Amino acid sequence: MKPVVIIGAGPAGIRAAQTLVAQGVRPVLLDEAARGGGQIYRRQPANFKRSAVKLYGFEARKAKALHQTLDTLREQLDYRPDTLVWNAEADALDTLHEGRAARIEFSRVIVATGATDRILPVQGWTLPGVYSLGAAQIALKFQGCAIGERVVFAGSGPLLYLVAYQYAKAGAKVVAVLDSSPFSAQVRALPGLLSQPATLAKGIYYRSWLSAHGIPVHQGATLQRIDGEQRVRSLNWSDAKGEHQLACDAVAFAHGLRSETQLADLLGCEFAWNPLNRAWLPQRDRAGRSSVAEVYLAGDGAGIMGADAAEMAGERAALAVLEDNGHPIAPQRCVQLEQSLTRINTFRKGLEQAFIFPEHWAANTADEVMICRCEEVRAGDIRQVVREGHWEINRVKAHCRAGMGRCQGRMCGAATAEIIAGESQRAVSQIGRLRAQAPVKPLPFGLEVES
Amino acid sequence: MIEVDAIIIGGGIVGASAALFLSKAGRRVALLERDFCGSHSSGVNYGGVRRQGRPLSQLPLSQRAHEIWGQLPQLIGIDGEYQRSGHLKLARSLDDLRALQDYAASSQGFGLDLQLLDRTELRARFPWVGDVAVGASYCPDDGHANPRLVSPAFAQAARRHGAQVHEQCAVSAVEHDGQRFRVSSQSGLELHAPWLLNCAGAWAGRLAEQFGEAVPMHAGHPAMLVTEPLPLVMNASTGVEGGGIYARQVARGNCVLGGGQGFALDAARARPGQQAVIEILRQAVELYPFLEGAQAIRTWSGTEGYLPDRQPVIGHSSTQPGLLHAFGFAGAGFQIGPAVGQALTEIICNGAPSTSLDAFSITRFHSISVA
Ligand SMILES: Cc1cc2nc3c(=O)[nH]c(=O)nc-3n(C[C@H](O)[C@H](O)[C@H](O)COP(=O)(O)OP(=O)(O)OC[C@H]3O[C@@H](n4cnc5c(N)ncnc54)[C@H](O)[C@@H]3O)c2cc1C
Ligand SMILES: Cc1cc2nc3c(=O)[nH]c(=O)nc-3n(C[C@H](O)[C@H](O)[C@H](O)COP(=O)(O)OP(=O)(O)OC[C@H]3O[C@@H](n4cnc5c(N)ncnc54)[C@H](O)[C@@H]3O)c2cc1C
């Protein structure tokens with residue numbers, strides 16, 4: 001019998017595995033990372049000995065619970081860390097583990113691939129010392145090191161205050177936090193946010209903590225440019241009062257998160273434009289079933305909803321797998337999970353209002369700004385192709401290579417789409433969707449192949 | 001209703017170059033492309049612009065194409081990254097080397113100027129080639145280009161010369177009323193013309209069948225892969241006798257490799273598939289050892305039409321006057337495409353092509369029953 005396979009050992013994947021094991025199913029759990037936990041509960045290398053509270057703060061309890069779940073389940077799972085899924089075909093996944101390629105056929109697959117930062121480039125963002133917010137957090141969580149000695153955090157989204165707080169707590173000098181969303185947006189968003197008071201309280205806590213510790217927090221603040229020769233030396237930002245300069249040696253920035261959807265795409269799932277995420281997302285029903293019978297979706301990989309929702313969605317998707325395999329499942333539990341997910345979604349809508357997408361980013365981005373750093377494509381190059389009459393994103397990519405490089409558009413795709421939409425005067429939902437192509441991440445020549 | 005001299009179905013390099021040459025000759029042309037011009041085979045192919053290795057019957061046309069490629073910037077306004085890097089066909093066995101020698105002998109007089117290299121000469125001139133190669137045949141003026149840029153540029157150039165180019169315009173019905181063709185598109189266009197050019201690539205069989213001359217064409221999906229940019233090493237485009245794998249390096253440093261077959265996702269889209277990709281990654285390091293440890297960053301495929309004899313159909317319909325076919329290029333139509341467009345133009349403007357197309361007549365399938 002072909003196994004049930006789960007891709008991703010984050011909150012969604014681990015809870016899915018647990019739910020399956022509870023019913024006597026032995027799933028295969030594939031994860032690119034060396035140790036399970038996913039993004040938020042990323043584990044430090046085995047020889048690092050920081051406490052959970054130190055690493056995960058408020059979330060220490062949840063992190064420990066999730067890690068323990070995985071550790072206890074280990075014997076009942078076919079858990080394969082360090083295993084990249086680089087391709088998917090009708091009923092098989094192609095993996096790479098320590099330079100060896102292998103293929104695994106599945107009866108059903110739960111895709112729980114999580115998210116990465118959404119990057120909106122500014123002049124100078126390719127200088128050494130500039131990181132995404134997520135990468136800055138990974139440096140801290142995983143390696144226990146800061147990205148610089150005087151760090152500015154910029155952009156928007158819940159990670160902005162969280163990571164700034166984590167840095168300050170860890171003893172790094174946080175020069176300032178530049179939040180691109182205006183304060184008024186956050187006030188407007190309050191009703192939605194109140195649906196998850198505990199989460200909201202944490203957000204408010206991080207911000208107040210930063211202010212109380214004398215760290216300047218600016219709202220309606222746009223990062224204009226980053227300067228330096230060998231690495232970051234200073235940055236310019238602006239708000240209603242004018243343009244300002246800050247000296248710093250590192251910058252962490254991002255505008256929220258974007259789902260990792262390539263595997264769902266390769267698996268043939270139908271996608272739809274999702275205005276809340278401002279992205280094309282694989283369609284899923286409330287239980288996590290995709291448009292393809294054997295494919296289920298859970299967690300941030302199919303729409304950003306955060307770690308708590310990921311745990312629930314993982315469990316819910318696994319219940320759907322069990323149900324579709326003819327196992328008896330508890331309907332009340334399904335209803336309960338779906339209701340909680342709906343509540344979180346309301347909160348999520350509030351967050352999106354609070355950390356509003358900077359609609360003017362494309363219009364304000366100068367031609368010289370590098371958009372696709374893998375292929376060195378600047379905003380002006382993309383605009384030039386649009387002026388030649390192209391507007392469909394895959395077509396624009398074919399002409400100027402934006403999104404064609406190493407990251408396959410995972411980093412630059414969102415920004416490229418915004419530039420194309422701006423220049424062609426179309427809505428960003430009307431320029432098509434960047435098609436996924438294998439390999440999801442680079443694949444080495446000379447690999448060995450498992451028969 | 002649009003009245004023109006010629007309607008062309010398909011905006012690949014074949015249809016677009018026909019549109020360009022016809023408009024340059026003063027004909028009113030409408031080019032109808034279901035998707036975007038040059039977004040199928042013509043835009044996603046490997047980019048090999050080679051004559052070497054073609055059947056002798058294709059060489060006169062291929063030689064004409066070679067001249068057209070030499071004029072590319074004047075013709076389409078961009079260089080399309082076309083370079084005459086030379087094409088090196090490698091032999092992995094003495095039998096293969098003999099086959100290369102035979103080809104070099106029989107293709108003499110077609111202007112290929114092939115040079116045969118034994119193992120020592122090969123090592124000396126192309127030290128980056130792996131030890132598995134025992135010799136090679138080198139065609140100094142063959143080369144490669146960027147299909148993503150070249151093929152759409154043919155359509156753009158046609159437009160600049162007055163051709164109507166309709167993209168996202170799938171032809172849904174074709175009739176002949178005894179005088180001329182009436183072509184309608186899904187988008188609601190209605191066009192009339194005395195000439196109709198069937199340049200619909202792997203999808204051209206439908207129209208041929210409608211006019212009572214079905215062909216045994218099937219779709220194939222060559223698998224392609226590209227590396228991250230690497231230091232410049234390959235000073236020639238390469239292939240191997242017997243097929244299997246081919247590779248070139250672009251000025252930016254990326255190596256483009258092809259080999260094996262992928263699979264169709266649906267009628268219009270294809271993927272390279274894991275098997276072909278892994279096979280390329282394995283074989284490549286034997287032939288091109290410098291690739292060991294390099295990373296492949298992207299793979300893709302396309303949809304190409306193949307006839308059983310791997311030769312195209314080019315020229316008159318045998319059942320419907322005014323209908324011209326040009327399809328079934330079997331993975332080798334990028335180089336020859338512009339010459340095909342030119343030959344079709346000569347048929348319309350001069351009554352006959354200046355290069356014989358007899359070998360490519362659709363009538364060669366008339367005795368074959370098509371399942
Ligand atoms: C860098 C970063 C930091 C974050 N920090 C926080 C935070 O502090 N607080 C918070 O509330 N939210 C945070 N988030 C949001 C986070 O996405 C969710 O809270 C939560 O981690 C989602 O859980 P998940 O199970 O859906 O995905 P993830 O936790 O992202 O887990 C996905 C897993 O899938 C694996 N994977 C992905 N693709 C492949 C592949 N092709 N092959 C094999 N394995 C694959 C990954 O290695 C990963 O382990 C962060 C997100 C990012 C990107
Ligand atoms: C992966 C790959 C690698 C290759 N490598 C090489 C190489 O290195 N060198 C070489 O010389 N050749 C190569 N080839 C072959 C070459 O690309 C093709 O032979 C050539 O591009 C064919 O051109 P075309 O215009 O006939 O077809 P296409 O480019 O396929 O154009 C046909 C067009 O017709 C359109 N169409 C179909 N039906 C309709 C309709 N009803 N209405 C409107 N439009 C329609 C399609 O959308 C399509 O754009 C390769 C092919 C592939 C797929």
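## Ligand 1 in chain A

A polar backbone atom of A12(A) sits 2.8 Å from an oxygen atom of ligand 1. That is a polar contact, meaning a pair of N or O atoms within 3.5 Å; within protein, one atom must be able to donate a hydrogen and the other to accept it, and residues adjacent in sequence count only if both atoms are side-chain atoms. This is a predicted model, in which local features need pLDDT of at least 70 and side-chain atom pairs count only at pLDDT 80 or more, while totals for chains, interfaces and linings use all residues; side-chain values use heavy atoms, with hydrogens and water left out. Residues are numbered from 1 along each chain as its sequence is written, chains are lettered from A, and ligands are numbered from 1 in the order in which they are written.

The surroundings of ligand 1 comprise 32 residues, each with a heavy atom within 4 Å of the molecule. A12(A), D31(A), Q39(A), Q137(A) and D300(A) are the closest. D31(A) places a polar side-chain atom 2.7 Å from an oxygen atom of ligand 1. E32(A) uses its backbone instead: an N or O atom there lies 3.0 Å from a nitrogen atom of the ligand.

Helices (H or I, at least four residues) and strands (E, at least two) are DSSP runs, numbered from the N terminus.

A salt bridge here is a side-chain nitrogen of Lys or Arg within 4 Å of a carboxyl oxygen of Asp or Glu. Over all chains, the count comes to 47.

## Strand pairing in chain A

Strand 5 (residues 92-97) and strand 6 (residues 100-105) of chain A pair antiparallel over six bridges. Pairing requires at least two bridges by DSSP. L96(A) stands opposite A101(A). Two residues lie between the strands of this hairpin, and E98(A) takes a positive phi near 45°.

Strand 6 of chain A also pairs with strand 24 (residues 448-449) of chain A, in the parallel sense, over two bridges. There, R100(A) stands opposite E448(A).

## The A-B interface

Chain B gives 38 residues to the contact and chain A gives 34, with contact meaning heavy atoms within 4.5 Å. The buried area is about 3000 Å², 54% of it from carbon and sulfur atoms. Buried area is the accessible area (1.4 Å probe) that two parts lose on being put together, summed over both.

Five salt bridges are counted between the chains. One of the pairs in a salt bridge is R395(A) with E167(B), at 3.8 Å from N to O. Helix 9 of chain B gives the largest share of the side of chain B that touches chain A, seven residues. Strands also cross over: strand 23 (residues 443-444) of chain A and strand 21 of chain B run antiparallel, joined by two bridges. P444(A) stands opposite Q295(B).

## Ligand 2 in chain B

Ligand 2 has 35 residues around it, and E33(B), S42(B), G48(B), V171(B) and E304(B) come nearest. An N or O atom in the side chain of E304(B) is 2.6 Å from an oxygen atom of the ligand. Backbone atoms take part too. A polar one of G331(B) is 3.3 Å from a nitrogen atom of ligand 2, and an N or O atom of Q335(B) lies 3.0 Å from an oxygen atom.
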